[in-house]
Amino acid sequence: MANLAVTIPSSLEVAVRDLSTRRKTSVDDLVGAVLSEYVQSSPRRMYQISTSTALVEGVYSGAVSSSTLLQHGDFGVGTFEELDGEMVILDGEIYQAAGNVQRRTDDFLVPFAAVTHFTEDAEFEIGRFASLKELEAACDPHRHSDNLFHALRVDGIFDTMHARAVHPVPKGTRLLDAAGTEFEFHFHGVEGTLVCLWSPRYSSSFSIPGYHFHFISKDRTKGGHVLNCTAKQVRARIQVVSQYEVRLPQSGSFLTTNFDKDPASDLAKAE
């Protein structure tokens, strides 16, 4: 057995000791079991802040800190408070993309994002494709199931990249209205990475169904939400996700907004 010295909040120590007493097990055994479960499951686990329904209805206030988000994953997509740009999480770094790109090293509140600890289950090459739809079709056979979530990383040189970025909107502006004022960008011959999450259709009430691609260039100067792209050849890596945790905001307009409406049609139009 090995000894591991760590620093944890005093409130967490109290909770661990209380649970240890109630379960009649030692603190060492309890912590070991929790760490084992987390380490072994994290490559197949998605962590999400808020829901797609909240996003559609204009709930963009920050809910969870970016430092907490990165504790749960190093790869994913999201947005910023009041829709201030597209979020790209790659290799454990958060980038704010609005055509140009800013790496965020501060700790800030995130209104919506989904991340995973990316560990590919398979790798494959994709030949020439003339549209985003053709890229999606090339990825389809590599998904294990239409009922499981997937993370997808695509690296290469893109002949063309058509991207967009949302920008700050008045509080409460619905996503469909915000999408009508977005900025669009066209990049040519740009090397970079597509960060993509794929979600099943049944998840539309809390996730964004289908492929959700964000792009960031290799030099980290260009990026955004992908509307279309072409390339001669790229390399793709895919990961299956079978655990999904949704962290809901505990304050603000999330608690009072009506989320009864199915967001699927509005999400499709906005995406």
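Q: How much space lies in the largest pocket?
A: The model is predicted: local features need pLDDT of at least 70, side-chain atom pairs count only at pLDDT 80 or more, and totals for chains, interfaces and linings use all residues. Numbering starts from 1 along each chain as its sequence is written, and side-chain values use heavy atoms, without hydrogens and water. A pocket is an open set of points on a 1 Å grid over the protein atoms alone, where a 1.4 Å probe fits, with protein on both sides within 12 Å along at least five of seven lines. Points join across faces, edges and corners, and a volume is the space filled by probe spheres set on them; for the largest pocket that space is about 820 Å³.

Q: Which element gives the largest share of the lining of the largest pocket?
A: Lining residues have an atom within 4 Å of a point; here there are 20, and Leu4, Asp28, Val31, Gly32 and Leu35 lie nearest the centre. Helices (H or I, at least four residues) and strands (E, at least two) are DSSP runs, numbered from the N terminus. Both α1 (10-23) and α2 (27-41) supply at least two lining residues. The largest share, eight residues, comes from α2.

Q: How many residues in the lining of the largest pocket are nonpolar?
A: Ala, Val, Leu, Ile, Met, Phe, Trp, Tyr, Cys and Pro count as nonpolar; Asp, Glu, Lys and Arg as charged; the others, Gly among them, as polar. The lining has two polar and four charged residues, and its nonpolar residues number 14.

Q: How far apart are the end C-alpha atoms of α1?
A: The expected span is 1.5 Å times one less than the number of residues. For the 14 residues of α1 that gives 20 Å, which agrees with the model: the end C-alpha atoms are apart by 20 Å.

Q: What is the bridge partner of Ile89 in β5?
A: Strands β4 (residues 86-90) and β5 (residues 93-98) run antiparallel and are joined by five bridges. Ile89 is bridged to Ile94.

Q: Which elements give two or more residues to the lining of the second largest cavity?
A: A cavity is a set of points where the probe fits but cannot get out; the structure holds three of 30 Å³ or more. The elements giving two or more residues are β8 (112-116) and β11 (183-199).

Q: How many residues apart are Phe149 and Phe206?
A: Rings of Phe, Tyr and Trp (its six-membered ring) pair if their centres lie within 6.5 Å; planes under 30 degrees apart count as stacked, over 60 as edge-to-face and the rest as tilted. Of eleven aromatic pairs found, Phe149 and Phe206 form a tilted one, at 6.3 Å centre to centre and 45° between the planes. Phe149 is in β10 (residues 149-165) and Phe206 in the loop between β11 and β12 (210-217); their separation in residues is 57.

Q: Which residue in β12 does Val195 stand opposite?
A: β11 pairs antiparallel with β10 over 15 bridges, with Phe185 as the partner of Ala163. Eight bridges join β11 to β12, also running antiparallel. There, Val195 stands opposite His214.

Definitions and conventions:
Pairing = 2+ DSSP bridges.
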